[in-house]
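Me: I would like to go through the labels used for this model one at a time. For each, tell me which value stands behind it and which cut-off it is set against.

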Amino acid sequence: MPTLDEPLKKVLGPPTAKVMAEHLGLHTVGDLLHHYPRRYAERGELTRLAELPLDEHVTVVARVADARVHTFNAGRGKRLEVTITDGSGRLQLVFFGRGVHKPQHDLLPGTRAMFAGKVSVFNRKLQLAHPAYELLAEESDAREAAGTWASSLLPIYPATAKLESWKIAKAVDAVLPSANEALDPLPDSLREGRGLLPLPEALVKIHRPQSKAEVEAARDRLKWDEAFVLQTALARRRHADAQLPAVPRRPAPDGLLTAFDARLPFTLTEGQQKVSREIFDDLATDHPMHRLLQGEVGSGKTMVALRAMLAVVDAGGQAAMLAPTEVLAQQHHRSITEMMGDLASGGTLGAAEHATGVVLLTGSMGAAARRKVLLDLVTGEAGIVIGTHALIEDVVKFHDLGLVVVDEQHRFGVEQRDALRSKGAQPPHLLVMTATPIPRTVAMTVFGDLETSVLDQLPAGRSPIATHVVPAQDKPHFLARAWERVREEVAAGHQAYVVCPRIGDEEEIAGAKGAKKGAKAGADAAKGAKGGKGASSRTKAAEDADGAGPGTGFGADEDAGAEAAGDKRPPLAVLDVARGLAEGPLAGLRIGILHGRMAPDGPDGKDAVMRRFAAGELDVLVATTVIEVGVNVPNATAMVIMDADRFGVSQLHQLRGRVGRGSAPGLCLLVTDMPEASPARARLGAVAATLDGFELSRVDLEQRREGDVLGQAQSGVRSSLRMLAVIEDEQIIAEAREEATAVVAADPALEAHPALRTALDALLDEERESYLEKG
């Protein structure tokens, strides 16, 4: 009997093992035992041929209704056509050439078999060409054999074109006895208290169940395994963090925070007050705060973060805010200094009594300005610094770093965050902000080492945003009307954004020919003519990039618009669309452009353009997703998102949040060429139907599934969650978190739980460990 860590090539042979490794990520006996059936076909209850999806690999169980051999090329060629039925529909199988002989012998009328292949269309009928098949024995007259046949379920495994489901089933048969060796990570008291199967029994029943009840019992157990082991890893991380020393930071009475609050022209929302209390309680403890602040778009997260930074400065420390792009860092610096007024003028003549220095540090700053900022940080003259990746460099030293605020957490790696945290004499407190609402159990799973605060209440005075889908391909006059609406908003004294997926010009696209077509498509789209479709060109968000990379938060948007892949036209570009608008439907308006390839500073730099737009000197800003987060221009009331199907649900919600920030109602128009029945249109319809970001995050997740919550999807390794669904299994995740927290509190080293330690070691390879550390 092979051990669980035995390589599959020793058990199944090199050819099969190679396919399993390359196409399914299965390397050991244990990996194969955890490759669970996707579903089960019941003997006697055939799968429905009436619901076959086109262009997908399928496995069906059916009976041969008819089989005929046709000859062609004067008898030199042969074609076998087999018709199968399952009662719900009929399907044609076709075999050619040398592949005719064996199926001609096997697939006689009345024969029952499993068939696997890719569904295609020929002469307007669905067919499988050269399907693999496995004959199924007929019911025996013997009562015992008939009973066994009727009660067993056929496991249908996630398969590939090179390895069919029943071949995987045979491989599982070869290793199934090894399931008895599986160490059970669940404590006996937990397993028995919840009536869960032992792990070896659950593995046998998930692969070879005798009834549906056995399948459910096995699934319940295996879901608990995944939830509990993962939550234990997170609980150990929280416990380790709680042991680290930190300097308590309590705001001074009648100090900087009090002076700032007294100047606020509005009252904080109940949500902002509640979350601030949670943060201040954490800051007052002698171990580092690790808190996630997530909130609805426009809910005032920056205000909450600023008050936390002021509290730390009040207590004698410094605070650093890390932003993913220069545009966002500059926007934060601008809005924070405006909100603080002369309280941000510390170190200057005539500064307010409790003032502190608020400085900006980015990679593009000049040498003299940079030296001044570095000096202010090391002397403590600057209490608050807002910066990009430049904050992480070795030359940056702090006098007493007490709080790190990380904005848009998903865009930073663990090394970047930890490099900034290591600049404190003792571990600083940490506040992570994400503008993408995350379902509760996703936060519990992905950010499980952080305590979570939620802002779901919008400040008073925020206006509703009307969102509409504009089908430019089907109804070009709708797009013409969209540009009329932009002109109407400008005529009323307001401003508008136009968002495009790509920059344009020298940016690499599908060759010079593609560039020419893209420019024409941009001009056509701007004028309201019919456009095409294309594949998204995304780049990773870095200090000078457009932030269109891994999307925004969980259910990331990196493959948004995949349905359009392979079409002729590249995505619409800022430079092309801006030119087309200026010469066409928006002629005469003051149009600016903004994208990540522009210089940060200078008369035509990103910051100058943003300042001109904020000051009302530009009517329309044509931009990439560089404006996705943090940009706050209350007078901007309209947004047109070109090629909206190229963006994911979360990103569209983020972009939409840039309008409706003042007293006038907001308007967001989602322009697309995708047909009405496409999944992309369904995504856009969901965004148009609700302004609730938490509801949209669930929609996004349900459409895209979870991927791997430990980040392995990006590296091509299989997901660590095979059974658990973070939306459907909320209750299990919540209960597993409680159980895991209790186990770790009683036994942090897990000395009494060796099997659980072994399971953690298997889960937390080096890459996964680092993903957990970055939260």
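**Salt bridges and exposure**

Me: How far apart in helix α17 are Arg485 and Glu488, in residues and in turns?
Reply: Arg485 and Glu488 are three residues apart in helix α17 (residues 476–491), so about one helical turn separates them. Helices here are DSSP runs of H or I with at least four residues, strands are runs of E with at least two, and both are numbered from the N terminus. An α-helix has 3.6 residues a turn, so residues three or four places apart point the same way. The model is a predicted one: local features need pLDDT of at least 70, side-chain atom pairs count only at pLDDT 80 or more, and totals for chains, interfaces and linings use all residues. Residues are numbered from 1 along each chain as its sequence is written, and side-chain values use heavy atoms, with hydrogens and water left out.

Me: What makes Arg485 and Glu488 a salt bridge?
Reply: A salt bridge needs a side-chain nitrogen of Lys or Arg within 4 Å of a carboxyl oxygen of Asp or Glu. The closest N and O atoms of Arg485 and Glu488 are 3.0 Å apart, and the pair therefore meets the rule.

Me: Why is Arg485 called partly exposed?
Reply: Buried means under 20% relative accessible area, exposed over 50%, and partly exposed in between (1.4 Å probe, protein chains only). Arg485 has a relative accessible area of 23% and therefore counts as partly exposed. Glu488 is also partly exposed, at 35%. Elsewhere, salt bridges that share partners join Asp184, Asp188, Arg191, Arg221 and Asp225 into one network.

Me: Which helix holds both Asp106 and Lys102, and what distance makes the pair a salt bridge?
Reply: Both lie in helix α4 (residues 101–106), four residues apart, about one turn of the helix. The closest N and O atoms of Asp106 and Lys102 are 2.7 Å apart.

Me: Why is Asp106 called buried and Lys102 exposed?
Reply: Asp106 has 13% relative accessibility and therefore counts as buried. Lys102 has a relative accessible area of 53% and is therefore exposed.

Me: What links Arg194 and Glu739?
Reply: Their side chains meet in a salt bridge, with 3.1 Å from N to O. The pair links distant parts of the chain, 545 residues apart: Arg194 is in the loop between α7 (188–193) and α8 (199–207), and Glu739 is in helix α24 (residues 730–746). Arg194 is partly exposed at 34%, and Glu739 is partly exposed at 25%.

Me: How many salt bridges does this rule give?
Reply: The count comes to 35.

**Contacts and packing**

Me: Why is Lys301 called buried?
Reply: Lys301 has 10% relative accessibility and therefore counts as buried. Lys301 belongs to helix α12 (residues 301–314). Leaving aside neighbours within four places in sequence, the residues in contact with Lys301 (heavy atoms within 4.5 Å) include Leu293, Glu296, Met433 and Leu455.

Me: At what angle do α10 and α12 pack?
Reply: Helix α10 (residues 256–263) and α12 pack at about 145°, with their axes 8 Å apart. The axes are lines fitted to C-alpha atoms, for helices over the stretch in contact, and the angles run from 0 to 180 degrees between N-to-C directions. On the α10 side, Leu256, Leu257, Phe260 and Asp261 meet α12 residues including Met303, Leu306 and Arg307. The residues of this contact divide into eight nonpolar, no polar and three charged. Nonpolar here covers Ala, Val, Leu, Ile, Met, Phe, Trp, Tyr, Cys and Pro, charged covers Asp, Glu, Lys and Arg, and the others, Gly among them, count as polar.

Me: Why do His130 and Asp643 get their accessibility labels?
Reply: His130 has a relative accessible area of 40% and is therefore partly exposed. Asp643 has 2% and therefore counts as buried.
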